[in-house]
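Have the viewer open as you read.

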Amino acid sequence: MVVHQLDRAQARRIAVHAQLLADPRPTDLLAVVRQLTLVQLDPTAAVAPSADLVCWSRLGSSYRPEWLRQALERGRTLFEHQAMVRPMEDLGLYLAAMAQSPAHERQREWLRANDSFRRDVLDRLAADGPLPSRDIPDTCVVPWPSSGWTNNRNVTQMLEFLVLRGEVAIAGRQGRQRLWDVARRVYPADTPVVPLEQARRARDERRLRALGIARRKAVAVPGEPAEVGDAGEPAVVEGIAGEWRVDPAALGQPFTGRTALLSPFDRLVHDRVRLADLFDYEYVLEMYKPKASRRWGYFALPILHGDRLVGKVDATADRRRGALTVHAVHEDVPFTPELTRPRLTSGGPSPSIGKVWVRADW
């Protein structure tokens, strides 16, 4: 098999194009999530919830947050699992793994000891769901032991395990509170179960198509892996060590960049090692740092311009006033007149770096 030889600019453009951040913009929310394979949920909303930022950066000012809620709660074209929104048509790729959950013996022992509690939770949801966790009685036999925030949060812990097992699903939200229900009322009954190994390969292929280019093997991280195994075709990126895989359909595609603000949880920047290698861009999410130790801000938004990440915007939204306050714009490269000049794209003028607007009414 041929090994594709790529320079960094080519690799960056493949990555940006695969993430639907090039011109022309997509116009359909479901098509966006299908291509990205996932949109990560996070409660932090310094500017807007991360999922809305990700969708807005692809769809533009036409996007409305209620679209995501409707697709999850009414249309059921998307589902939420492990803090990720995914296309419902991908559910079958996860059912075999759900059947083997949880993976750790300590968790399985706790479930065995609390089988009556498990049945109580399922019976309550079947009768009255969907419900927030506070409306589900705690009938545990053995409390959940933890040195962290989950200590003795028995109902929430049981619900999390039952979601992993595919017995319970998240049916929607009341504000930030998740609503839980039996899975059969949320997931389509006729969803085919893809065998475990076949599903793993399919997920690798879907992930590579979403990323465009990625490492074959990477450091294990919680949640979605950063590696793609043997999906796609081998590639070498000039000046960067490691075994890369590239989506062959992404090669040779025309590229017209645009300017966008990204969520810190955006998949273009989520893998910090890949980010440094391909984009020569340093980023740390600093909301967990003391204020005095922050370089860029509590929830700084990376600035994508064409195929480069050129800076960060430190901003917060005041939803009561409908106002966005920009505290600082950090330049990773000098913002020259050429860099900041608006460019014409198929959707009209692409905004300059100084005029990337964010909806502040979320």
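## Ground rules

Helices (H or I, at least four residues) and strands (E, at least two) are DSSP runs, numbered from the N terminus. This is a predicted model, in which local features need pLDDT of at least 70 and side-chain atom pairs count only at pLDDT 80 or more, while totals for chains, interfaces and linings use all residues. Residues are numbered from 1 along each chain as its sequence is written, and side-chain values use heavy atoms, with hydrogens and water left out.

## Two cis peptide bonds

Another cis peptide bond links S101 to P102, where omega is about -5°. P102 sits in the loop between α5 and α6.

Which loop holds L20? L20 is in the one between α1 (8-18) and α2, and this residue has a positive phi of about 60° although it is not a glycine.

T37 also has a positive phi without being glycine, with a value near 70°. Its place is the loop between α2 and β2 (39-40). T37 has a relative accessible area of 6% and is therefore buried (buried means under 20% relative accessible area, exposed over 50%, and partly exposed in between, with a 1.4 Å probe and protein chains only).

## Aromatic pairs

A pair of aromatic rings is described by the distance of the centres and the angle of the planes. Rings of Phe, Tyr and Trp (its six-membered ring) pair if their centres lie within 6.5 Å; planes under 30 degrees apart count as stacked, over 60 as edge-to-face and the rest as tilted. By this rule the count comes to eight aromatic pairs. In one of them, F79 with Y187, the ring centres are 5.9 Å apart and the planes stand at 80°, so the pair is edge-to-face. Because F79 is in strand β3 (residues 78-81) and Y187 in the loop between β6 (177-182) and α9 (196-211), this pair ties together parts that are 108 residues apart in sequence. Both F79 and Y187 are buried.

The rings of W144 and F161 have centres 5.4 Å apart and planes at 75°, so they too are edge-to-face. W144 comes from the loop between α7 (115-128) and α8 (154-164) and F161 from helix α8, so here the parts tied together are 17 residues apart in sequence.

## Charges over rings

Where does the charged end of K312 sit? It is over the ring of W296, 4.2 Å from the ring centre. The charged end of R203 sits over the ring of Y94, 5.3 Å from its centre. A charge sits over a ring if NZ of Lys or CZ of Arg is within 6 Å of the ring centre and within 35 degrees of the ring normal.

## Helix packing

Two packed helices are described by the angle between their axes and the distance between the axes. The axes are lines fitted to C-alpha atoms, for helices over the stretch in contact, and angles run from 0 to 180 degrees between N-to-C directions. Helix α5 (residues 92-99) packs with α9 at an angle of about 135°, their axes 9 Å apart. These two helices are therefore oblique to each other (angles under 35 degrees count as roughly parallel, over 145 as roughly antiparallel, 65 to 115 as roughly perpendicular and the rest as oblique). L93, Y94, A96 and A97 in α5 meet L196, A199, A202 and R203 in α9, where contact means heavy atoms within 4.5 Å.

For α6 and α8, the angle is about 110° and the axes are 12 Å apart, so this pair is roughly perpendicular. On the α6 side Q107, W110 and L111 meet N154, Q157, M158 and F161 of α8. Helix α6 (residues 105-113) also holds R112, which counts as exposed at 52% relative accessibility.
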